[in-house]
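Please brief me on this protein model.

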Amino acid sequence: MVVTAQHLATEVGLNILKRGGNAVDAAVASSSNLAVVHPCCGNLGGGGFMTIHLAGGKNIFLDFREKAPLAATPTLYQDSKGNVIPGLSTHTFLSVGVPGTVMGLDAALKRYGTLPLSRVMAPAIELAKDGYVLQPGDVSFLDRGAQGFAKHPNAAAIFLNHGAPYVAGQRLRQPQLARTLEAIERGGTAAFYRGPIARAIVAASNAHGGILSLQDFTDYSVAWGEPVTCGYHGYTIVSTPPPSSGGTTICEI
């Protein structure tokens, strides 16, 4: 079974399973596609968690959450009196963490996948190049950001249709994202964390008051560990440990 928030990403993951890939192959393929077909939430510039249950019964957790830049401080989002400055941690370049998704998916694929990165990323590259037809649900997500896109020409050029919001039935193409995905497919994590992609992100951060550095990217690493587990009515719950709050909260409940 493959479940995602967008039907095209789900279909990609399911096709991977049908063609002999395992669950991790499918998860990485689906996640790569969500960066294309679910731009509100699927991501290359964010991070995540992966909980893996192996056939032999072993449970494993992978943490590839975004990390704070080295220059971050405990009072980064506060004024001189210690009050939180509204919006500083959510709507400015100071809110941007060091991305973990690219390294996390690559690490999972290398350790537990069976297919090469080129195979699992090919559908995402194709969808970014050729585009996909927007459904009402896709359009509703884009509509939420339309006013924000209009303020930034680079975003407007992608997520607005000649200045107007997209409507269902139109095709969204993302050629720049396709080139980024191709660079990752060819060069792996090094292409993202040590090459022109990292330099471009850092340059944008510096130009708009952010604090990301190239050292933040070269220092980034993922962490393997164990999930949090607890019992409930004879069942064993296996979920994400901190820094996620979900697994701990479920077990406390």
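The largest cavity in this predicted model holds about 100 Å³ of space. A cavity is a set of points, on a 1 Å grid over the protein atoms alone, where a 1.4 Å probe fits but cannot get out. Grid points are joined across faces, edges and corners, and a volume is the space filled by probe spheres set on the points. The count comes to one cavity of 30 Å³ or more.

**Reading the model**

- Residues are numbered from 1 along each chain as its sequence is written, and side-chain values use heavy atoms, with hydrogens and water left out.
- Local features need pLDDT of at least 70 and side-chain atom pairs count only at pLDDT 80 or more, while totals for chains, interfaces and linings use all residues.

**Cavity lining**

- Lining residues have an atom within 4 Å of a grid point.
- Those of the largest cavity include Val28, Ser32, Leu44, Thr101, Met121 and Ile184.
- Helix 2, helix 3 (101–112), helix 4 and helix 8 each supply at least two residues of this lining.
- Helices (H or I, at least four residues) and strands (E, at least two) are DSSP runs, numbered from the N terminus.
- Helix 3 provides the largest share of the cavity lining, four residues.

**Largest pocket**

- The largest pocket has a volume of about 2,300 Å³.
- A pocket is an open set of points with protein on both sides within 12 Å along at least five of seven lines.
- Of the 43 residues that line the largest pocket, Gly45, Phe93, Asn154, Ala155 and Phe159 are the closest to its centre.
- Helix 5, helix 6, helix 7, helix 8 (175–193) and helix 9 (196–207) each supply at least two lining residues.
- Helix 9 gives the most, with six residues.

**Nonpolar core**

- The largest nonpolar core has 57 residues, and Val36, Val120, Tyr132 and Leu181 touch the most other members.
- Helix 2 (residues 23–37) contributes the largest share of this core, eight residues.
- Such a core is a set of buried Ala, Val, Leu, Ile, Met, Phe, Trp, Tyr and Cys residues joined through side-chain atoms within 4.5 Å.
- Buried means under 20% relative accessible area, exposed over 50%, and partly exposed in between (1.4 Å probe, protein chains only).
- Not counting residues up to four places away in sequence, Val120 touches Ile16, Asp25, Val28, Ala29, Leu109 and Leu115; contact means heavy atoms within 4.5 Å.

- Ala124 sits in helix 4 (residues 117–130) and is buried, with a relative accessible area of 0%.
- Ala124 and Asn33 are 91 residues apart in sequence, yet 4.6 Å apart in space, C-alpha to C-alpha.
- Beyond residues up to four places away in sequence, Ala124 touches Ser32, Asn33, Val36 and Leu181.
- Glu182, in helix 8, counts as buried at 19% relative accessibility.
- Leaving out residues up to four places away in sequence, Glu182 touches Ile125 and Lys129.
- Thr10 lies in helix 1 (residues 7–18) and counts as buried at 19% relative accessibility.
- With residues up to four places away in sequence not counted, Thr10 touches Val2, Val3 and Thr4.

- The buried residues of helix 5 (residues 136–144) are Asp138, Val139 and Leu142.
- Seen down the axis of helix 5, its buried residues fall within an arc of 95°, so they line one face of the helix.
- The arc is that of the directions from the helix axis to the C-beta atoms.
- Pro136 and Arg144 are exposed on the other side.
- The cover over the buried residues of helix 5 includes helix 2, strand 3 (132–133), helix 6 (146–150) and helix 7 (153–159).

**Disulfides**

- A search of the whole structure finds two disulfides, each a pair of cysteine sulfur atoms within 2.5 Å.
- Cys40 and Cys41 form a disulfide with sulfur atoms 2.3 Å apart.
- The torsion about their S-S bond is about -95°, so the Cys40 and Cys41 disulfide is left-handed.
- Cys40 is partly exposed at 39% relative accessibility, and Cys41 is partly exposed with a relative accessible area of 46%.
- Cys230 and Cys251 form a disulfide with sulfur atoms 2.1 Å apart.
- Cys230 lies in strand 6 (residues 228–232) and Cys251 in helix 11 (residues 246–252), so the pair ties together parts that are 21 residues apart in sequence.
- The torsion about the S-S bond of Cys230 and Cys251 is about -80°, so this disulfide is left-handed.
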